[in-house]
Amino acid sequence: MPIQGSREGNGGKRRAVLLLSLILLVWNAGATALHLASGGILPSIDGTGRSPELPSATDDDTATRSPESPRSGPLTIRQKYLIGKRIDINNASIGEVSELPGVSDEIAAAILEERDRLGRFRSPEDLLGVKGIKEKRLQKILPFLKKMPNN
């Protein structure tokens with residue numbers, strides 16, 4: 001003989017979970033639509049009753065984007081590597097050097113100190129004299145560096 005009370009309790013829990021899921025789904029859909037509308041991707045929503053306007057190409061948002069990248073800001077070292085640009089270690093700033101794979105800010109500062117001491121690096125092996133750079137780390141950063149003239 002089945003007990004109806006336990007069966008109804010289980011069905012009630014299922015309904016509660018389904019209702020909660022539906023509420024979260026509607027909430028997320030509304031928040032996503034609001035986010036897209038405020039970001040200029042969707043037509044703007046205003047309370048004037050006029051028809052929605054699409055964002056124009058002269059908005060301030062497009063003016064702040066870099067011409068090098070569809071996202072705002074300059075390209076990263078990895079992105080430059082993928083399009084064929086390399087870093088000249090003899091002219092790079094500390095920010096560019098610290099973006100190299102496996103190079104922290106401290107190691108980047110040490111590279112610049114060694115570069116100032118030597119005048120410039122003549123070969124990639126000169127980087128092995130920098131504290132914190134061993135053969136393995138040098139092999140990681142070599143693809144990102146421009147060829148150095150051998151003098």
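This is a predicted model: local features need pLDDT of at least 70, side-chain atom pairs count only at pLDDT 80 or more; totals for chains, interfaces and linings use all residues.
Local features require pLDDT of at least 70 and side-chain atom pairs pLDDT 80 or more, while totals for chains, interfaces and linings use all residues. Residues are numbered from 1 along each chain as its sequence is written, and side-chain values use heavy atoms, with hydrogens and water left out.

Helix H5 covers residues 105-118; helices are DSSP runs (H or I, at least four residues), numbered from the N terminus. Its 14 residues should span 20 Å at 1.5 Å a residue, and the end C-alpha atoms are 20 Å apart, which agrees. The expected span is 1.5 Å times one less than the number of residues. Just after H5, Gly119 adopts a positive phi of about 100°.

The buried residues of H5 include Ile107, Ile111 and Leu112, where buried means under 20% relative accessible area and exposed over 50% (1.4 Å probe, protein chains only). The buried residues of H5 pack against helix H4 (94-98) and helix H6 (135-141).

The largest nonpolar core has 20 residues, and Ile111 and Leu127 are among those with the most contacts inside it. Such a core is a set of buried Ala, Val, Leu, Ile, Met, Phe, Trp, Tyr and Cys residues joined through side-chain atoms within 4.5 Å.

The structure holds 1 salt bridge, defined as a side-chain nitrogen of Lys or Arg within 4 Å of a carboxyl oxygen of Asp or Glu. The side chains of Glu114 and Arg117 form it at 2.7 Å, N to O. Both residues lie in H5, 3 residues apart.

| Residue | Relative accessible area | Class |
|---|---|---|
| Glu114 | 12% | buried |
| Arg117 | 61% | exposed |

Note on methods: Helices (H or I, at least four residues) and strands (E, at least two) are DSSP runs, numbered from the N terminus. Contact means heavy atoms within 4.5 Å.
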